[in-house]
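I opened a new page for this structure today. My plan is to go through the chains in turn and write down what I look up.

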Amino acid sequence: MRRMMAAIVALMLLSLPAVHAVQPDEIMSDPAKEARARELSRELRCMVCQNQSIDDSDAPLARDLRLLVRERIAAGDSNGEVLDFLVARYGEFVLLKPRFERQTILLWLLAPLLLAAGGFALWRQNRRRSQSGAEVPMPPLTSDEEARLAALMTDEAKSS
Amino acid sequence: MIAEAGHYALVLALALALIQSFVPVIGARLRDPALMNVARSTALAQLLFVGASFIALVTLHVNSDFSVANVYENSHSMKPLIYKITGVWGNHEGSMLLWVSILALFGGLVAAFGNNLPLSLRAHVLAVQAWIASAFYLFILVTSNPFLRIVNPPIEGRDLNPVLQDIGLAVHPPMLYLGYVGFSISFSFAIAALIEGRIDAAWARWVRPWTLVAWIFLTLGIAMGSYWAYYELGWGGWWFWDPVENASLMPWLAGTALLHSALVMEKRNALKVWTILLSILTFSLSLLGTFLVRSGVITSVHAFANDPTRGVFILLILCLFIGGSLSLFAGRATSLKQGGLFAPISREGALVLNNLLLTVACAVVLFGTLYPLAMEMLADFKMSVGAPFYNLTFAPLFALLLLAVPFGPMLAWKRGDLLGVTQRLLAAGVAGLVIVALVWAWTRGGSALAPLAIGLGVFVIAGAVTDIVERTGLARLPFATVVHRARGLPRSAWGTAFAHAGLGVALIGIVCETTWNSEYIATMKPNDVAQVAGYDLKLDGLLERQGPNYREMIAQFNVSRGGEALSVMTPSKRSFTTRGSSTTEAALLTRGASQLYISLGDVTAEGGIAVRIYHKPMVLMIWWGPVLMAFGGMLSLSDRRLRVGAPKPARAKQRLQPAE
């Protein structure tokens, strides 16, 4: 009986070309679990698409992954366990939010490091400039500019 | 014949660009006005020839001349006229031709309206423009000729990718390119300044309007693209942190920083070196964007054209221009004298903070886009960087920036009074906090983040209003004086207020849409009723219809709320026979700033249809925000002070500029 059910389900899946993200037949009956599944789906990448989460993607593979996520949730896995399961199977590539580890340390720390470095540079420049004091004079005008300025001034004098 | 003429015109444009690359520079060396003026004529002639080439390609597409490979691959005789025209840039070759056409347009504009520029500066700017143009003409002619003929012309074309057969294609790429390529002008000005070794406040005044024009178009282009993705791709997402989107976001972030630092340079003669660097970086990021999209190095939902040989060519252009300009910068920047001292707490200081945050945000996007590529190549480690990463890194930076936005315009130049500004912003702050409390109470203590973010948005908007109120003296002066002062206020002050308020508006839209989006996914049969966010949507039935080059299935929904009929929505699915592919045409019903969104899935064996219905609260504010920003930009652009060559004011009184 179970085998027959499985066969029927498989047939149903085949007959439905997945053209959309989350299909009506995928939705879990428990709304809390479904919400978890959706939340997890947004963090998982559809590997055949580019930068689309499996929640957004309409590729058949994304559908398989969505079903897999729901299967794991139904089996009682926590969110962390579901992610571990998928990473063990498909590698870190599947995670849209990379884990904090050796290879990704620079990526994660970039913003705070840059902010600190920028802040430090500004602080030093400010100190140096307030020590060095006076404003630097404007560069002198070129002869062309002097001529133009003179012309403008005479214009102005005439018009007013 | 038309194809050959178009091809030849492009070759002539290349020849002109080569002349323009060298003659004016030599002229500047020899101080020969005649040689320097060559740039003006060649820039205008280039515009003429590239324009002719572009019109030739459009004509070929409109005539459905399938003996041209580009037309055969991307067009179909039954395609509606508008898509025959827009299809010209819906493919790699055509879009590159559009790119150089816009480059020539900007070059032509500088030549035509740059009469008040010093002659040698104009010569250098146009020469740098010609270097860029030559590289890209060569790229098109060598690797991506749109005018190639087919020996045995087919009778019918292969049609355009159906997703692109939309009015969005008519507007989005030209806008985006006007933005991308527009930044080439500030780049050319920066390089010219480095070559001449002279840079002053007048330089910033010449550069700012061009940067502003590019920024306005890029802002609108990105917003337009986002709205297009929202209604066309069929799942209501409007930003995916896709590499191609990031490619347009990076120049926008850098360009926004550039606008603000150029302001400091114009008003206070400070931040010169930084402004030059930003001009270089902004256009470099535009080039990087062109590379990412056009080479297919990162294939994404957008990149329809991939070809590695082209990638190598663009990479060479990229290295040449970025490497060349940065080494010139490294060599010459120290000779540029810094001026304009200011205390950390001042308008300049606020603009520096703006630049720091925008640059770091830009670096985060750059790293997020390129890091996975680098890791895969260098460490053989495959990883992904997607929306959840940016939500954790990019969003806090922007929150910080938005918190500072209302303070900036209210601080005085040179030395500001932070405490005083805080007091004046008290009302705005209280408005924000009241909204936080209200939203939090209304959602009965859901996540605290959403009410806080909305409060921040309200604070930014109220801050922009406060600035205008303060400047006009509303609430403390008689009404007639207020009107007089409001009219006397420089347009750029209004522009700032609108652009800053736009940020708050967009933030509120983003938060509302992501937090309170409700959805309904089910298989529906005729006469079934779906209930979403208080609306009843009854499926009346399904019908089929024949379009010009597709068949479509339409579902008709009657929308009502509390028993009162509101409207009829007709989402559809189109199948395009030539390409054997289909698109989903979502139906949208706008109610205030919110929208109902229906897109169709597949028909089931029992005669039902898979349906996805969303209610997206305040979603339109996401795009109203950028429109407000662009409007602010236009107001600022119309400011007299930015039109350097503006005719002299009639009354002598007006020559005095209001002190800000």
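Before counting anything, I note that helices here are DSSP runs of H or I with at least four residues, that strands are runs of E with at least two, and that both are numbered from the N terminus. I also keep in mind that this is a predicted model.

Chain A, fold. I looked up the secondary structure and found six helices and zero strands in chain A, so that, read along the sequence, the pattern is α-α-α-α-α-α. I then checked burial, and 24% of the 160 residues of chain A count as buried. Among the contacts in chain A with a separation of 6 or more, 48% are between residues 24 or more positions apart.

Chain A, confidence. The average pLDDT of chain A is 77, and 77% of the residues score at least 70. I find the lowest confidence in helix 1 (residues 2–15) of chain A, with a mean of 40, and the highest in helix 4 (residues 79–90) of chain A, at 91. Residues 1–19 of chain A have a pLDDT below 50, and beyond near neighbours in sequence this stretch has nine contacts in the model.

Chain B, domains. I noted the division of chain B into domain 1 (1–165), domain 2 (171–411), domain 3 (425–510 + 626–642) and domain 4 (518–616). The centres of domain 2 and domain 3 of chain B, taken over C-alpha atoms, are 25 Å apart, and their contact takes 18 residues from domain 2 and 22 residues from domain 3. On the domain 2 side, helix 8 (201–232) and helix 13 (387–404) of chain B each supply at least two residues, and helix 8 of chain B gives the most, with ten residues. By class, I record that side of domain 2 of chain B as 16 nonpolar, one polar and one charged residues.

Notes: Residues are numbered from 1 along each chain as its sequence is written. Chains are lettered from A and ligands numbered from 1 in the order in which they are written. This is a predicted model: local features need pLDDT of at least 70, side-chain atom pairs count only at pLDDT 80 or more; totals for chains, interfaces and linings use all residues. pLDDT is the predictor's confidence in each residue, from 0 to 100. Two residues are in contact if their C-beta atoms, placed from the backbone, lie within 7 Å. Domain bounds come from an automatic or database domain assignment. Ala, Val, Leu, Ile, Met, Phe, Trp, Tyr, Cys and Pro count as nonpolar, Asp, Glu, Lys and Arg as charged, and the others, Gly among them, as polar. A residue is buried if 20 or more other C-beta atoms lie within 10 Å of its own, exposed if 12 or fewer, and partly exposed in between; C-beta atoms are placed from the backbone.
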